Amino acid sequence: MALQGPIPVTFAMVFPHGCYIVGEVEPVKDFDASANGRFVQARDKQTAELVWQVAVMDGDPTLKPAQKTVAVKILAPVQPVPPSPMPGLPFTPVEFDSITVTPYVNAAGRLAYSIKVREMHGPRQTAQPAPSKAPAGKDAA
């Protein structure tokens, strides 16, 4: 089969309604290596990069409240810095690049996805085309 390991996807495929940061960026604990009160940060199995995690709320209005918050893992050598809050918004909008998803069966026996990203940044502004104007003094045909 051609699909092996994490599946590359786009931000719009995972969060078509956008998403918002609702937690702090935190290191992910390596439970196997951490012992006797000593914290060891997890590293990604494929890249050996340090793994960080941030909770985000999916902007999809059709999701049930329990489905809205998801953890996104960020692979980076240093702790990523979230984008600046936007005035007037209760949550900070965020976008991610270089996204992969890995499907798995969770403890409840349901299909779930682990989301890993390489970059976190504020929303990009999409350029709006300028309205076309008829030349002055001439009728538009």
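Q: Which residue forms a salt bridge with Glu49?
A: Look for a Lys or Arg nitrogen within 4 Å of a carboxyl oxygen. In this predicted model, Arg118 pairs with Glu49, and their closest N and O atoms are 3.2 Å apart. The two sit 69 residues apart, so to speak on distant parts of the chain. Glu49 is in the loop between strand 3 and strand 4, and Arg118 is in the loop between strand 8 and strand 9 (119–121).

Q: Is Glu49 buried, partly exposed or exposed, and what about Arg118?
A: Buried means under 20% relative accessible area, and exposed means over 50%. Glu49 has 22%, so it is partly exposed. Arg118 has 34%, so it is partly exposed too.

Q: How many salt bridges does the structure hold?
A: Three. One of them joins Lys116 to Asp44, with the closest N and O atoms 2.6 Å apart. This pair also links distant parts of the chain, 72 residues apart. Lys116 belongs to strand 8 (residues 111–117), while Asp44 lies in the loop between strand 3 (26–27) and strand 4 (51–58). Asp44 counts as buried, because its relative accessibility is 6%.

Q: Which parts does the salt bridge of Asp97 and Arg124 tie together?
A: Their side chains meet at 2.9 Å, N to O. Asp97 is in strand 6 (residues 92–97) and Arg124 is in the segment after strand 9, so the bridge ties together parts 27 residues apart in sequence. Asp97 is buried, at 18%. Arg124 is exposed, at 51%.

Q: Now the pockets. What lines the largest pocket?
A: Start with the volume, then the lining. The largest pocket holds about 650 Å³ of space. Its lining has 22 residues, and Gln67, Val70, Ala112, Tyr113 and Ile115 lie nearest the centre. Strand 8 gives the most, five residues. Helix 1 (11–14), strand 4, strand 5 (69–75) and strand 7 (99–105) are among the elements that each supply at least two.

Q: How does the lining of the largest pocket divide by class?
A: It has 14 nonpolar, four polar and four charged residues.

Q: Which residues are closest to the centre of the second largest pocket?
A: This pocket has a volume of about 400 Å³. Among its 15 lining residues, Arg43, Asp44, Lys45, Lys73 and Lys116 are the closest to the centre. By class, the lining of the second largest pocket has eight charged, four nonpolar and three polar residues.

Conventions. Residues are numbered from 1 along each chain as its sequence is written. This is a predicted model: local features need pLDDT of at least 70, side-chain atom pairs count only at pLDDT 80 or more; totals for chains, interfaces and linings use all residues. Side-chain values use heavy atoms; hydrogens and water are left out. Helices (H or I, at least four residues) and strands (E, at least two) are DSSP runs, numbered from the N terminus. Buried means under 20% relative accessible area, exposed over 50%, partly exposed in between (1.4 Å probe, protein chains only). On a 1 Å grid over the protein atoms alone, a cavity is a set of points where a 1.4 Å probe fits but cannot get out, and a pocket is an open set with protein on both sides within 12 Å along at least five of seven lines; lining residues have an atom within 4 Å of a point. Grid points are joined across faces, edges and corners, and a volume is the space filled by probe spheres set on the points. Ala, Val, Leu, Ile, Met, Phe, Trp, Tyr, Cys and Pro count as nonpolar, Asp, Glu, Lys and Arg as charged, and the others, Gly among them, as polar.
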